[in-house]
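This report describes one protein chain for a reader who is new to structural work. Please keep the sequence and the model in view while reading.

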Amino acid sequence: MTYGTACLIGGDDGRAIRGVLDRIGDKWTLLVVAALHGDCLRFTEIQQHIPGISQRMLTLTLRHLERDGLVARTVFAQVPPRVEYELTEV
């Protein structure tokens, strides 16, 4: 096998696989998914599970995961507002 043909899966030159790995393969995404595995957590709870993640990076990661349909965001109409995140059934 040569390296030039290693990614010829599905006839798309490996673009589909690369797209999936680019989306879930970064450091913070994997840690957020691991933190949410089997749990429904609030923003600060997720942040406590992942030492070193900034508020901005967690916000961006959660937005991307929600956009991609991997995380569900539930807003409760309370004072103060409560928002919970959980993995979807994909």
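## Aromatic rings

Rings of Phe, Tyr and Trp (its six-membered ring) count as a pair if their centres lie within 6.5 Å. By this criterion the structure, which is a predicted model, holds zero aromatic pairs.

## Overall architecture

The chain contains four helices and three strands. Along the sequence these elements follow the pattern α-α-β-α-α-β-β.

Of the 90 residues of the chain, 23% count as buried. The chain exposes about 6500 Å², and carbon and sulfur atoms supply 57% of this area. Among contacts between residues at least 6 apart in sequence, 42% join residues at least 24 apart.

## The hairpin of S2 and S3

Strand S2 covers residues 71–76 and strand S3 covers residues 82–87; the two pair in the antiparallel sense over six bridges. Together S2 and S3 form a hairpin, with five residues between them. Within this pairing, Val75 stands opposite Val83 in S3.

## Glu84

Strand S3 also includes Glu84. Is Glu84 buried or exposed? Glu84 is buried, because its relative accessible area is 14% and the limit for a buried residue is under 20%.

The side chain of Glu84 makes a polar contact with the side chain of Arg82, at 3.1 Å. Leaving aside neighbours within four places in sequence, Glu84 is in contact with Cys40, Leu41, Arg42, Ala72, Arg73, Thr74 and Phe76.

Technical notes
Residues numbered from 1 in each chain as written. Predicted model: local features only at pLDDT ≥ 70, side-chain atom pairs only at ≥ 80, totals over all residues. Heavy atoms only, no water. Phe/Tyr/Trp six-rings, centres within 6.5 Å; stacked < 30°, edge-to-face > 60°. Pairing = 2+ DSSP bridges. Buried < 20%, exposed > 50% of the residue type's maximum accessible area, 1.4 Å probe, protein only. Polar contact = N/O pair within 3.5 Å; in protein donor to acceptor, adjacent residues only side chain to side chain. Contact = heavy atoms within 4.5 Å. Areas by Shrake-Rupley, 256 points an atom, 1.4 Å probe, with all protein chains shown as cover.
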